[in-house]
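Work through the exercises below with the sequence and the 3D structure at hand. Try each task before reading its solution.

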Amino acid sequence: MEQLGCDVESFLLTTPPVLHAPQTQHLLSLPIWVLMDEDVRIFFYQSSYDAEQVPQALRRLRPRTRKVKSTSPQGAGFDRMAAPRAEALFDFTGNSKLELNFKVGDVIFLLSRINKDWLEGTVRGTTGIFPVSFVKILKDFPEEEDPTNWLRCYYYEDTISTIKDIAVEEDLKSTPLFKDLLELMRREFQKEDIALNYQDAEGDLVRLLSDEDVRLMVKWTQGLPSQKHLFPWKLHITQEDNYKVYNTAP
C-alpha cells in the first residue's frame, strides 16, 4: 500500500490540475482500488467553477420518500392547452428511476407540486420528479393547489431594515417550534447571532425564547386580519446582542 501511495502521489504531481477528455478516460480506466484512493477521488469533485457552468448546480435535494405515479395525463379527453405544463430550459438526467429525464425544449406536463423546489411531471410517456430550476412554467397549477404559504420577516442590522417573504409549506394555522423557526431564519439570512421577535399591540418588539413564547405570538395574532397564503404573525429578526430595539423606558 505504501507503493500505491507513492504511485498515486507521483500521478497527481505529474497530472495537470485540469483534466481533458483523454486524461479523464485514462483515469477512469484505472483499477477500482486505485480510484478509491482519497487523492485520486479529489479529481471527481465539482469545483465552484464547474458549478457555475452546468445545470447540475441548480439541482436541489429531492424529497427522500417520494413514490412516482404510474398515471399519465395523456388519456382520452386530455386538453393539452389547459393542462399545467413547463418547458425544459436545460437537459436533465435523473440520479435514480424516481427522477424524470428530459432534453432542453421538451414540454413536460405537470402532475403535482412536491415542494417549492421539485415538481412531478410526464414527458414521452415517462413520469418522474425533477427540479423546478430546470424548467420554465408555461401554465401553473390552479392557485388553490399550491401548498406554499409565506412568512413575512423584517430583518434589522445597524441602520438597515429589510423585508423578506419566505416560502414555507406549513399550514397557516400551525404553530411552529422555536428551534425550527430559529434554524430557518439563520439559514435564510446567513447569520447565527440573531434573535427572533414579534410586535405587540403597542408596536414594541417582544423577544421569542421558547415554544411557549411562539404559542403566545400565534394566539395573539389569531384575531387579526390576514391575507391568503400569508401567515398572520410576522417575525422581526434583530442582532442577538442588540437590546436597543426594545422599549425599556419606564
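The model is predicted. The first exercise starts from a single side-chain contact.

**Exercise 1. Which side chain makes a polar contact with the side chain of H229, and is H229 buried or exposed?**

Solution. 
- Step 1. The side chains of H229 and N149 make a polar contact at 2.9 Å.
- Step 2. To place H229, look at the loop between α7 (211-220) and β10 (235-239).
- Step 3. Buried means under 20% relative accessible area. H229 has a relative accessible area of 17%, so H229 is buried.

**Exercise 2. Where is E99, and what lies 2.9 Å from a polar atom of its side chain?**

Solution. 
- Step 1. E99 belongs to the loop between β1 (85-88) and β2 (107-113).
- Step 2. With a relative accessible area of 6%, E99 is buried.
- Step 3. A polar atom of the E99 side chain has the backbone nitrogen of N95 at 2.9 Å.

**Exercise 3. What is the strand order of the open sheet with antiparallel pairing, and which strands are its edges?**

Solution. 
- Step 1. The order of the 5 strands is β4-β3-β2-β1-β5.
- Step 2. β4 (126-131) and β5 (135-139) each pair on one side only, and they are the edge strands.
- Step 3. From one strand to the next, the twist averages 40 degrees.
- Step 4. Take the pair β1 and β5: these strands run antiparallel and are joined by 4 bridges. Opposite E87 stands K136 in β5.

**Exercise 4. What is the strand order of the open sheet with mixed pairing, and how does β8 pair with β9 and with β10?**

Solution. 
- Step 1. This sheet has 5 strands in the order β7-β6-β10-β8-β9.
- Step 2. Its edge strands, β7 (160-168) and β9 (205-207), each pair on one side only.
- Step 3. The average twist from one strand to the next is 35 degrees.
- Step 4. β8 (residues 194-199) pairs with β9 in the antiparallel sense over 3 bridges. Y198 has V206 in β9 as its bridge partner, and N197 has R207 in β9.
- Step 5. Between β8 and β10 the pairing is also antiparallel, over 4 bridges. Here A195 stands opposite T238 in β10.
- Step 6. The hairpin of β8 and β9 has 5 residues between the strands, and G203 in this hairpin takes a positive phi near 90 degrees.
- Step 7. Because 5 of the 6 residues of β8 are buried, this strand is largely enclosed by the rest of the structure.

**Exercise 5. Which residues touch the most other members of the largest nonpolar core, and which element gives the largest share?**

Solution. 
- Step 1. The largest nonpolar core has 22 residues, and M185, L235 and I237 touch the most other members.
- Step 2. At least two residues of this core come from each of β6 (149-157), β7, α6 (178-189), β8, α7 and β10.
- Step 3. The largest share is that of α6, with 6 residues.
- Step 4. Leaving aside neighbours within four places in sequence, L235 is in contact with several residues, including L151, L181, M185 and M217.
- Step 5. A separate second core has 16 residues, among them A88, F102, F130 and V135.

For background, nonpolar side chains tend to be buried together in soluble globular proteins.

Notes:
Residues numbered from 1 in each chain as written. Predicted model: local features only at pLDDT ≥ 70, side-chain atom pairs only at ≥ 80, totals over all residues. Heavy atoms only, no water. Pairing = 2+ DSSP bridges. Axes fitted to C-alpha atoms, helices over the stretch in contact; angles between N-to-C directions. Buried < 20%, exposed > 50% of the residue type's maximum accessible area, 1.4 Å probe, protein only. Polar contact = N/O pair within 3.5 Å; in protein donor to acceptor, adjacent residues only side chain to side chain. Core = buried A, V, L, I, M, F, W, Y, C linked by side-chain atoms within 4.5 Å. Contact = heavy atoms within 4.5 Å.
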